[in-house]
Amino acid sequence: DPRANRKPFWLKSSRSFPEPRVLAHRTAMADAGAPKLAVVRQILGRTGSRGGVIQVKVEFTSEDNPELKGRSLVRNVKGPVRQGDILALLETEREARRLR
């Protein structure tokens, strides 16, 4: 019988897939998008319609980016935070508006 030696249809590979390859530019971009570490230096107050957001002043650490060392920003943080906590910031250019 010619069907005796045939594979079932679900085991047949209808097409071959190329081998995965590592792209060099992807690893360089991943480093640029890596979170930057910042230490909470001062709690400025609560904001938001119900006070669910805390406004803090953060200072960047030198271990991840030397060009950001000593730079400070005002950021809004949702959730519990206290002085001395370390935040991982994905974006370092934007600063929060000050409380009135």
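**View 1. Contacts of Arg-94 in the predicted model.** Apart from neighbours within four places in sequence, Arg-94 is in contact with Leu-73 and Arg-75, contact meaning heavy atoms within 4.5 Å. The C-alpha atoms of Arg-94 and Leu-73 lie 8.3 Å apart in space, while 21 residues separate the two in sequence. Arg-94 belongs to the segment after β4 (86–89); strands here are DSSP runs (E, at least two residues), numbered from the N terminus. Arg-94 counts as exposed because its relative accessibility is 55%; the classes are buried under 20% relative accessible area, exposed over 50% and partly exposed in between, with a 1.4 Å probe and protein chains only. This is a predicted model, in which local features need pLDDT of at least 70 and side-chain atom pairs count only at pLDDT 80 or more, whereas totals for chains, interfaces and linings use all residues. Residues are numbered from 1 along each chain as its sequence is written, and side-chain values use heavy atoms, with hydrogens and water left out.

**View 2. The open sheet of four strands.** The strands follow the order β3-β2-β1-β4 with antiparallel pairing, two strands being paired if DSSP finds at least two bridges between them. Because β3 and β4 stand at the edges with a single partner strand each, one side of each has no neighbour in the sheet. On average, neighbouring strands of this sheet are turned by 50 degrees against each other, direction ignored; the axes are lines fitted to C-alpha atoms, and angles run from 0 to 180 degrees between N-to-C directions.

**View 3. Strand β1 between its two partners.** β1 (residues 36–47) runs antiparallel to β4 and is joined to β4 by four bridges. Lys-36 has Leu-89 as its bridge partner in β4, and Ala-38 stands opposite Leu-87 in β4. Towards β2, eight bridges join the antiparallel pair β1 and β2, and Phe-60 is the bridge partner of Ala-38 in β2. The hairpin of β1 and β2 has five residues between the strands, and Gly-48 takes a positive phi near 95 degrees there.

**View 4. The two faces of β4.** Leu-87 and Leu-89 form the covered face of β4, and Ile-86 and Ala-88 the uncovered one. In a regular strand the side chains alternate between the two faces of the sheet.

**View 5. Surroundings of Thr-61.** Thr-61 is placed in the loop between β2 (53–60) and β3 (72–78). Thr-61 counts as buried because its relative accessibility is 17%. Not counting residues up to four places away in sequence, Thr-61 touches Leu-37, Ala-38 and Val-39.
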